[in-house]
Amino acid sequence: RLTAAGARLSRVAAYRTACPDRLPQEASLALARDEVHAIVFASPSAVRNLPALCRPDFRDAVYSIPAACIGPRTAAAARREGFARVVEALARSDEGLAEAVAEATARGTGREEGP
């Protein structure tokens, strides 16, 4: 419709999914020390890619860490991936994610759902 109306269209890649080869050393050390209390996910692809980034001895343990997710698609991906505790942010914002992290780390409270 736009072209028919005389518009010239250009495709601009404003977003691209990128995945590092491994977790930063600081994150790996925090996992090793059992210092990670929640993992924040803003996309389903991040959920799918995280286990591959972890050292093999951390891959199973990472699923026991609560997952705070930005929205329903990301939360569904976390459940499918096998995270034991998934909390979905009520608002898709920084504040919503912060509240989801607080709920995910609170024992026995919140909107958590199992797989």
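**Entry 1**

I began with the strands and found an open sheet of 3 strands in the order 1-2-3, with parallel pairing. I noted strand 1 and strand 3 as the edge strands, since each pairs on one side only. From one strand to the next, the twist averages 25°. The model I am reading is a predicted one.

I then looked up the pairing of strand 2 with strand 3 and counted 3 bridges in the parallel sense. For C69 I found the bridge partner E88 in strand 3.

**Entry 2: helix 4**

Which strands does helix 4 touch? I wrote down strand 1, strand 2 and strand 3, as this helix packs on the sheet. The direction of helix 4 makes about 175° with that of strand 3.

Next I listed the buried residues of helix 4: T74, A75, A77, A78 and R79. The buried residues of this helix pack against strand 1, helix 2, strand 2 and strand 3. I recalled that an α-helix has 3.6 residues a turn, so residues three or four places apart point the same way.

After helix 4 comes G82, and I read a positive phi for G82, near 115°.

**Entry 3: the cores**

I looked for the largest nonpolar core and found one of 19 residues. Those with the most contacts inside this core are F41, L50 and F83. The elements giving two or more residues to the core are strand 1 (39–41), helix 2 (44–53), strand 2 (67–69) and helix 4 (72–81). Apart from it I found another core, of 5 residues, with V87, A89, A100 and A104 among them.

**Entry 4: aromatic rings**

How many aromatic pairs are there? My count came to 2 aromatic pairs.

I took F41 and F83 to start with, which form an edge-to-face pair, 5.4 Å centre to centre with 70° between the planes. F41 lies in strand 1 and F83 in the loop between helix 4 and strand 3 (86–88), so this pair ties together parts that are 42 residues apart in sequence. I checked burial too: both F41 and F83 are buried.

I then turned to Y63 and F83. Y63 is in the loop between helix 3 and strand 2, and F83 is in the loop between helix 4 and strand 3, 20 residues apart, so I noted that the pair links distant parts of the chain. Both Y63 and F83 are buried. I recorded F41, Y63 and F83 as one aromatic cluster.

**Entry 5: a residue with positive phi**

Where does D34 lie? I found D34 in the loop between helix 1 (25–32) and strand 1. Phi of D34 is near 60°, a positive value in a residue other than glycine. Is D34 buried or exposed? Exposed means over 50% relative accessible area, and D34 is at 65%, so I marked D34 as exposed.

**Entry 6: confidence**

Last, I looked up the pLDDT values. The chain has a mean of 82, and 88% of its residues reach 70 or more.

Over residues 108–115 pLDDT stays under 50. For this stretch the model has 22 contacts beyond four places in sequence.

Technical notes:
Residues numbered from 1 in each chain as written. Predicted model: local features only at pLDDT ≥ 70, side-chain atom pairs only at ≥ 80, totals over all residues. Heavy atoms only, no water. Core = buried A, V, L, I, M, F, W, Y, C linked by side-chain atoms within 4.5 Å. Buried < 20%, exposed > 50% of the residue type's maximum accessible area, 1.4 Å probe, protein only. Helix = DSSP H or I, 4+ residues; strand = E, 2+ residues; numbered from the N terminus. pLDDT = per-residue confidence, 0-100. Contact = heavy atoms within 4.5 Å. Phe/Tyr/Trp six-rings, centres within 6.5 Å; stacked < 30°, edge-to-face > 60°. Pairing = 2+ DSSP bridges. Axes fitted to C-alpha atoms, helices over the stretch in contact; angles between N-to-C directions.
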